[in-house]
Amino acid sequence: MATEFIARGQDLELKGIRKEFPGFVAVDNLNLKIPAGEFFALLGPSGCGKTTTLRMIAGLESPSKGEILLGGKDIAGMKPHERPVNTVFQNYALFPHMSVLENVAFGIRQRKLTDPLSKAEKALAMVELEHLAQRRPQQLSGGQQQRVALARALVNRPSLLLLDEPLGALDLKLRRQMQIELKAIQMEVGLTFLHVTHDQEEAMDMADTVAVMNQGHIEQLGAPEVLYDRPKTAFVAKFLGQSNMFIGKVTETNSETTSIEYKGKKITGLTKRSEKVTGVIAIGVRPEKTYFHETQPIADPGLNILGPGEITDIRFTGVSNQYQIDIPGIGVMTVFAQNVGRSPVVELGAQVYVSWKIEHSFGLSDLPSGVEEDK
Amino acid sequence: MTRFSLGKYLLPTYVFLTFLFLMIPIGYTFVYSFNDSIKSNIIWRGFTLDNWLNVCDQAGVCGAFGNSLLVAITATAVSTVLGTMIAIALVRYRFKFRSATNLLLFLPLATPEVVMGAGLAAQFLDFGWTKGLTTVIIAHVMFTLSFVVVTVKARVATLDPALEEAGRDLYASPIQVFWKITFPLLLPGILSAAMLAFALSFDDFIITQFNSGSVDTFPKFVYTAAARGIPPEANVVGSFVFIVAIAIVIAVQVRSAMKKRKLLSK
C-alpha cells in the first residue's frame with residue numbers, strides 16, 4: 001500500500017468527460033488542462049456540474065465517458081483510495097470519534113508511512129492549530145475545523161488537492177481571511193489546487209485560472225482579469241458581475257470597430273473584442289467603466305454616448321455609488337462611480353448623459369435572455 | 001391561590017402514585033426473594049439469605065436461566081450482525097424492492113406474537129425439525145431482527161456519507177473505512193439494538209412456548225411453576241436480572257455524564 005507519491009503537484013487533464021445520472025447529464029464533454037502547481041477554480045452556479053467533476057477526479061463518482069489524466073497517467077479506473085488526490089470537503093467531514101491529531105494522521109497511517117503523528121503535528125503547525133491537537137473536531141470553531149480539514153489533506157502531499165466549496169460555511173470576514181491563508185499555503189507547498197466554488201469573488205481572488213461552468217460544460221476559461229474584462233458569453237458576463245447589455249443588428253464592421261444599432265442609437269465596440277460581427281449581436285459594458293455627465297459630452301468616435309436620462313436610484317456601497325439611470329427610448333443603465341472625492345455631485349431626478357470608451361465594450365457570442373432586443 | 005397550591009401538589013402526588021403502581025410488583029418480587037418459605041411463596045415467613053445463596057438447589061431454576069441466557073446471547077449476536085448489515089444496506093444503497101423490504105421488515109413488529117409463534121411452530125413441524133434450543137434461537141433471531149434493523153437504521157441515517165467518502169479519499173479501502181469510520185460511529189446504535197434484542201429474547205414467553213418443545217427457558221419455568229407456587233429462587237433470578245439491568249443503565253448514564261463534563265471542561 002505504501003505507494004510513493006510525488007511531493008510536487010502534477011498536471012491534471014480531463015479529456016471528453018461525460019457523466020450521466022438517471023434522467024440527466026451532469027457533465028458533458030468536458031475538456032480541461034490544469035498545469036502542475038496552479039491554483040485553478042471551477043466556478044459556476046449550483047447544479048452546473050462542478051461538484052460532480054470534482055467527485056469524478058477524487059474517484060467518488062465514475063465518469064460515463066472520458067479520461068482523467070494525472071501526470072499523464074489515466075486514473076479514471078482507480079479507486080479513490082488508490083489515487084494520489086486528496087479532498088477538502090464542503091462540510092470538512094472530520095471524523096468525530098478521533099482527535100484532531102488522529103484526523104490529520106489518518107492518511108499517513110493508512111499509507112503506513114513512518115512517523116504519522118509527527119507529520120500530523122507539522123501539518124497542524126502549518127495551519128497554526130498545534131495547540132488544539134488533542135481536541136475533538138466538534139469542539140472547534142468552523143474556521144478551525146476548516147483548517148484541520150486542510151491539514152488532513154495537505155499532510156499527504158497529494159499530487160492534486162481538491163477543494164469542494166471549502167469556505168462556504170464560514171462567515172464573510174473569516175472567509176476573506178481563509179482565502180488569503182489558503183493562497184499563501186498553496187504558494188508555499190507548490191501543489192496543484194483545484195477549487196470548486198459558486199462565489200465569483202472567491203474564485204477571482206485566489207485562482208490563477210478560472211473556468212466558468214454552466215449546465216455541464218465550460219463556458220469560458222482564462223485568467224480572472226480576462227474573464228471579467230472580456231466575457232465571451234452572456235452567462236459569463238452575468239455570472240462575473242453586472243453589465244449593461246445592448247442587443248442589435250450590426251450596422252458597420254471593419255478591422256477596427258464594429259457597431260450595432262440599438263433603438264436608433266449607434267453603439268460601438270472594438271472588432272477584436274467582439275466574438276461575432278454579423279447579424280444580431282449583444283454588446284455589453286461593465287458599470288464601473290461607464291461615466292455620467294451633467295452636460296452633453298462632445299461627440300467623439302472613441303466614445304459611446306447615451307442620454308440624457310433621469311437618475312432613478314442611488315445606492316451607496318462604501319467604495320462606490322451605484323446609479324440607475326433611466327434613459328428614454330434606451331432603458332435603465334447602471335453606472336458605478338468611485339467615491340474618490342471628485343465624482344460629480346448629483347441627486348435623484350437629475351438629468352445626465354452616460355458615456356464609455358468604445359474599447360471597454362465587449363461583444364458576446366450569444367444573446368442574453370431578458371434584455372430587450374432591437375430588430 | 002388555592003387552585004395554585006392544588007396544582008402544586010396534584011402533579012407530584014400523581015407521579016408518586018404512578019411510580020408506586022409500577023414499582024409494587026418489582027418490590028414484591030425483590031422482598032419475597034428473601035422469604036423463608038415452605039411450600040408456596042405467598043405468605044411472609046421471615047427473612048433468609050438461603051434463597052440467594054443456594055439458588056441452584058431448586059430444581060430447574062438455574063437450568064432454565066442458563067438456557068435463557070444461551071438463547072438470548074446467541075440470538076442477539078446473530079440478529080445484531082444481520083440487522084446491522086440490513087440497516088446499512090437499506091439506508092445507503094438503492095436497489096430494487098428497497099421500499100418493499102422496508103415494509104416487510106416492519107411486519108414482524110406488527111404481527112401478534114401468538115400468530116408468529118404458531119406459524120413458526122407449523123414451519124418447524126413441516127421441516128420435520130425437532131423442537132429444542134436451535135428452533136428457539138431461530139425463532140428469536142427472527143423476531144428480534146426487525147427491532148435491530150429499525151434501531152440501527154436510525155443511527156445510519158444520521159451518519160454523514162461524506163465521512164466515509166473522506167475515509168476513502170484518505171487511502172482507506174472500503175473494508176478499512178467500515179472498521180475505522182462506519183463501525184465506531186454506528187457503535188452506540190448497534191449496542192442499544194443489541195441490548196433491546198437481548199431484553200426481548202430473554203423474557204420472551206409466547207414464541208418460546210410454541211417452539212421450544214421440552215426445553216425450559218426462565219419465563220417458561222416461571223409460568224409452569226406458577227401453577228403450583230413459584231419458588232423464591234425464581235424471585236432471586238428475577239431480582240438479579242432487574243438489578244443487573246438497572247446497574248447497566250446507571251453505568252451508561254454516569255459514563256455519558258462524565259464524558260459531557262470532560263468535553264465542557266476542555
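Q: What puts two residues in contact in this predicted model?
A: Two residues are in contact if their C-beta atoms, placed from the backbone, lie within 7 Å.

Q: Which residues does A:Val212 touch, not counting those up to four places away in sequence?
A: The list is A:Leu43, A:Gly44, A:Ile218, A:Glu219, A:Gln220, A:Leu227, A:Val236 and A:Phe239. A:Val212 also belongs to the largest nonpolar core, which holds 91 residues. Along with A:Ile57, A:Val104, A:Leu124, A:Ala151, A:Leu162 and A:Leu194, A:Val212 touches the most other members.

Q: What makes a set of residues a nonpolar core?
A: Members must be buried, of a listed nonpolar type, and joined through C-beta atoms within 7 Å. A second, separate core has 27 residues, including B:Ala72, B:Val149, B:Val152 and B:Ile190. As a general point, nonpolar side chains tend to be buried together in soluble globular proteins.

Q: What makes helix H1 (residues 50-58) of chain A mostly covered?
A: Nine of its nine residues are buried. Among them are A:Lys50, A:Arg55 and A:Ile57. Each therefore meets the mark of 20 or more other C-beta atoms within 10 Å. A:Gly59 follows H1(A), and its phi is positive, near 95°.

Q: How many helices and strands does chain A have?
A: Chain A has eight helices and 21 strands. Its C-alpha atoms fill a box of roughly 75 × 45 × 35 Å along the principal axes. Of its 375 residues, 42% are buried. Contacts between residues at least 6 apart in sequence join residues at least 24 apart in 66% of cases.

Q: How do you know which pattern chain B follows?
A: Read along the sequence, the pattern is α-α-α-α-α-α-α-α-α-α-α. The count for chain B is 11 helices and zero strands.

Q: How does the radius of gyration of chain B compare with that of a compact globule of 266 residues?
A: Such a globule would have a value near 18 Å, but chain B has 23 Å. The C-alpha trace spans about 70 × 70 × 40 Å along its principal axes. In chain B, 33% of the 266 residues count as buried. For contacts between residues at least 6 apart in sequence, 76% join residues at least 24 apart.

Q: What are the domains of chain B, and how far apart do their C-alpha centres lie?
A: Domain 1 of chain B covers 2-50 and domain 2 covers 59-230. Their C-alpha centres lie 33 Å apart. Chain A is assigned domain 1 (12-229) and domain 2 (240-374). Those C-alpha centres lie 39 Å apart.

Q: What makes up the contact of chain B with chain A?
A: Each chain gives 17 residues. On chain B, helix H7 (161-169) and helix H8 (174-202) each supply at least two. H7(B) gives the most, with six residues. By class, the side of chain B has 10 nonpolar, two polar and five charged residues.

Q: How do you know where the pLDDT of chain A is lowest and highest among its elements?
A: Strand E21 (residues 373-374) of chain A has the lowest mean pLDDT, 54. Helix H2 (residues 100-110) of chain A has the highest, 96. Chain A as a whole has a mean of 89, and 95% of its residues reach 70 or more. Residues 1-6 of chain A are below 50, and this stretch has 11 contacts in the model beyond near neighbours in sequence. Where pLDDT is low, the predicted coordinates should not be read in detail.

Terms used. Residues are numbered from 1 along each chain as its sequence is written. Chains are lettered from A and ligands numbered from 1 in the order in which they are written. This is a predicted model: local features need pLDDT of at least 70, side-chain atom pairs count only at pLDDT 80 or more; totals for chains, interfaces and linings use all residues. Helices (H or I, at least four residues) and strands (E, at least two) are DSSP runs, numbered from the N terminus. The radius of gyration is taken over C-alpha atoms; the globule rule is 2.2 Å times the number of residues to the power 0.38. A residue is buried if 20 or more other C-beta atoms lie within 10 Å of its own, exposed if 12 or fewer, and partly exposed in between; C-beta atoms are placed from the backbone. Domain bounds come from an automatic or database domain assignment. Ala, Val, Leu, Ile, Met, Phe, Trp, Tyr, Cys and Pro count as nonpolar, Asp, Glu, Lys and Arg as charged, and the others, Gly among them, as polar. pLDDT is the predictor's confidence in each residue, from 0 to 100.
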